Amino acid sequence: MKKILLVTVIIACSALSIVAQTGSGKTPTSQGKQPISRRAVKLDQTSSTPFSPAILAGDFVFVSGQLGVDRKTGEFAGTTTEEQAEQVLKNLATVLEASGSDMEHIVKTTVFLADMEDFAKMNEIYRRHFKGDPPARSTVQVARLPRNARIEIEAIAIVKKGG
């Protein structure tokens, strides 16, 4: 019984030590390596949204879900999934460029569709934007997307060397 209690106390102390280190404002490190950097990518300095278009973390960029909204007009590029998918992929490319990456460096996407009946239409547009080996992908139907969009895509990409 004393051995079990001692092991439990040791594990608890170790866990508290880890929490204290990571909760102290220090950036987590991995096995003595340099801290992992994390910074937000800004497209518009006046934006008041409660999220960043992308976050750079180490050698990766995590891009928030993009809608088919034209950045100049603030309106959807169209009402169909195809029209919105084209704009979504253009918006994704814009955020990636601002992040020091591009469409060729995407490793994973998640596609959110308002209606899975639009899968084939979306897939055709998607295929045109990814030459060679496309990124890994998940596609799901959701109950509703922001602003009643037809499609939203988020991505994870590698930052280009020197980018």
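In this predicted model, helix α2 (residues 81-98) packs with helix α3 (residues 119-129) at an angle of about 30°. Their axes are 9 Å apart. Because angles under 35 degrees count as roughly parallel, α2 is roughly parallel to α3.

**The helix pair**

- The crossing of α2 and α3 is right-handed.
- On the α2 side, the residues that take part are Thr81, Glu82, Ala85, Glu86 and Leu89.
- Their partners in α3 are Lys121, Met122, Ile125, Tyr126, Arg128 and His129.
- Sorted by class, this contact of α2 with α3 is made of 5 nonpolar, 2 polar and 4 charged residues.

**The loop between β5 and β6**

- Strand β5 covers residues 136-141 and strand β6 covers 151-158, and Arg147 sits in the loop between them.
- Asn148 belongs to the loop between β5 and β6 as well.
- Have a look at the backbone here: Arg147 has a phi near 60°, which is a positive value in a residue other than glycine.
- For Asn148, phi is also near 60°, again positive in a residue that is not glycine.

- Lys160 has a relative accessibility of 34%, so it falls between the 20% and 50% limits and is partly exposed.
- Which residues does Lys160 touch, leaving aside its neighbours within four places in sequence? They are Gly100, Ser101, Asp102 and His105.

**How confident is the prediction?**

- The protein chain has an average pLDDT of 84, and 77% of the residues score at least 70.
- Residues 1-27 have a pLDDT below 50.
- Beyond near neighbours in sequence, that stretch, residues 1-27, has 3 contacts in the model.

Conventions
Residues numbered from 1 in each chain as written. Predicted model: local features only at pLDDT ≥ 70, side-chain atom pairs only at ≥ 80, totals over all residues. Heavy atoms only, no water. pLDDT = per-residue confidence, 0-100. Contact = heavy atoms within 4.5 Å. Helix = DSSP H or I, 4+ residues; strand = E, 2+ residues; numbered from the N terminus. Axes fitted to C-alpha atoms, helices over the stretch in contact; angles between N-to-C directions. Parallel < 35°, antiparallel > 145°, perpendicular 65-115°, else oblique. Left-handed = near helix turned anticlockwise from the far one by under 90°. Nonpolar A, V, L, I, M, F, W, Y, C, P; charged D, E, K, R; others polar. Buried < 20%, exposed > 50% of the residue type's maximum accessible area, 1.4 Å probe, protein only.
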